[in-house]
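Reader: Hi, can you walk me through a structure? Keep it short, please.
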Amino acid sequence: MGIAARLREDIQTVFRKDPAARSVWEVLTYAGLWALLSHRVAHRLWRGGLKFPARFLSQATRFWTGIEIHPGARIGRRFFIDHGMGVVIGETAEIGDDVLMYHQVTLGGTSLEKVKRHPTIGNNVLIGMGAKVIGAITVGDNARVGANAVVTRDVPANSTAVGIPAKVVKQDGVYVRAVLDGAHGHPHVLAPAPARPAPARPAPAVMDSALNALDPQGEAIGRLLDEIEALRQRLAVLEAEHNFPHPASTGGPVSASPASEWHPHDIEAVV
Ligand SMILES: CC(C)(COP(=O)(O)OP(=O)(O)OC[C@H]1O[C@@H](n2cnc3c(N)ncnc32)[C@H](O)[C@@H]1OP(=O)(O)O)[C@@H](O)C(=O)NCCC(=O)NCCS
């Protein structure tokens, strides 16, 4: 594909992915577009063994656009970084085709070894603003990473991962509650019957829910607190029935109570 055709494709990509884009002249001012064009040159220099000029160009582009793409990173076609400021893409990162990324995204490494240490992003992936995707992990095709998520494990294809650390909340259009499984990227559903059909959303729903709150850990803690409260109440019933002094009134721990007065059947009867 020639340079002009590739540039035309890049500009069309911006029009497809940014509803705010109005004219070609306007698009030509986009930092994300210039960062991509500069990266293509830097990557060629890098692969040709001209490491210092490649690095110099990459750093100069960072100074100019606020977007730092290591010249070693491999990027597919129709990549678009919207807004751009604060984006960092590491040396061994690989990005597929049709990926959309917003400002302050990091594709970072977690190892200090000179090995593959940055993420591999599949085709048609969306990475929301501020998301941090770290380590030599894989984000599957058509996945969506929510704004401000911190992703440390593989994300399955066709899923949505949000939060810190990121959890899969949607898979193939169905809501789930899951923990990312580092070994295979398959979601492990925690709750017994949490699946519910996803409500129909208008086509460009990408940004609709960015401000919605979801806190799976908070939910789990809430459930634990409820369970502790229920156990407390059952214990109070037992203590009342068996005339047990409350540990606070005796000044000692529960185990100081006369064990001979207890039998496991007593508990089962109440529970
Ligand atoms: C994740 C995202 C892509 C939506 O994907 P989706 O598959 O359509 O997911 P939904 O909107 O159905 O949301 C699924 C659940 O995740 C929650 N969620 C969505 N985005 C979230 C986020 N960033 N952080 C935490 N929770 C989020 C939703 O509230 C919903 O929870 P619920 O089931 O309790 O209601 C979108 O919310 C997002 O973050 N987009 C990035 C937008 C952006 O960066 N814009 C920059 C513009 S400058």
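Predicted model: local features only at pLDDT ≥ 70, side-chain atom pairs only at ≥ 80, totals over all residues.

Reader: Okay, how many aromatic pairs does a search of the whole structure find?
Author: The search finds three. One of them joins Tyr 30 and Phe 80, and that pair is stacked. Their centres are 6.3 Å apart, with 25° between the planes.

Reader: Where do Tyr 30 and Phe 80 lie?
Author: Tyr 30 is in the loop between α2 (24-27) and α3 (31-47). Phe 80 is in strand β3 (residues 80-81). So the pair ties together parts that are 50 residues apart in sequence.

Reader: Are those two buried or exposed?
Author: Both Tyr 30 and Phe 80 are buried.

Reader: What about Phe 52 and Phe 56?
Author: They form a tilted pair, 6.1 Å centre to centre, with 40° between the planes. Phe 52 and Phe 56 are four residues apart in helix α4 (residues 51-65), so about one helical turn separates them. Phe 52 and Phe 56 are both exposed.

Reader: New topic. What sits over the ring of Trp 46?
Author: The charged end of Lys 51 does, 4.3 Å from the ring's centre.

Reader: And helix α1, how many residues does it have?
Author: Helix α1 (residues 3-17) has 15 residues. From first C-alpha to last it reaches 21 Å, close to the 21 Å expected at 1.5 Å a residue.

Reader: Which residues of α1 are buried?
Author: Glu 9, Asp 10, Ile 11, Thr 13, Val 14 and Lys 17.

Reader: What covers them?
Author: The cover for the buried residues of α1 includes α2, α3, β3 and β6 (100-101).

Notes:
Residues numbered from 1 in each chain as written. Heavy atoms only, no water. Phe/Tyr/Trp six-rings, centres within 6.5 Å; stacked < 30°, edge-to-face > 60°. Helix = DSSP H or I, 4+ residues; strand = E, 2+ residues; numbered from the N terminus. Buried < 20%, exposed > 50% of the residue type's maximum accessible area, 1.4 Å probe, protein only. Lys NZ or Arg CZ within 6 Å of the ring centre and 35° of its normal. Expected span 1.5 Å × (residues − 1). Contact = heavy atoms within 4.5 Å.
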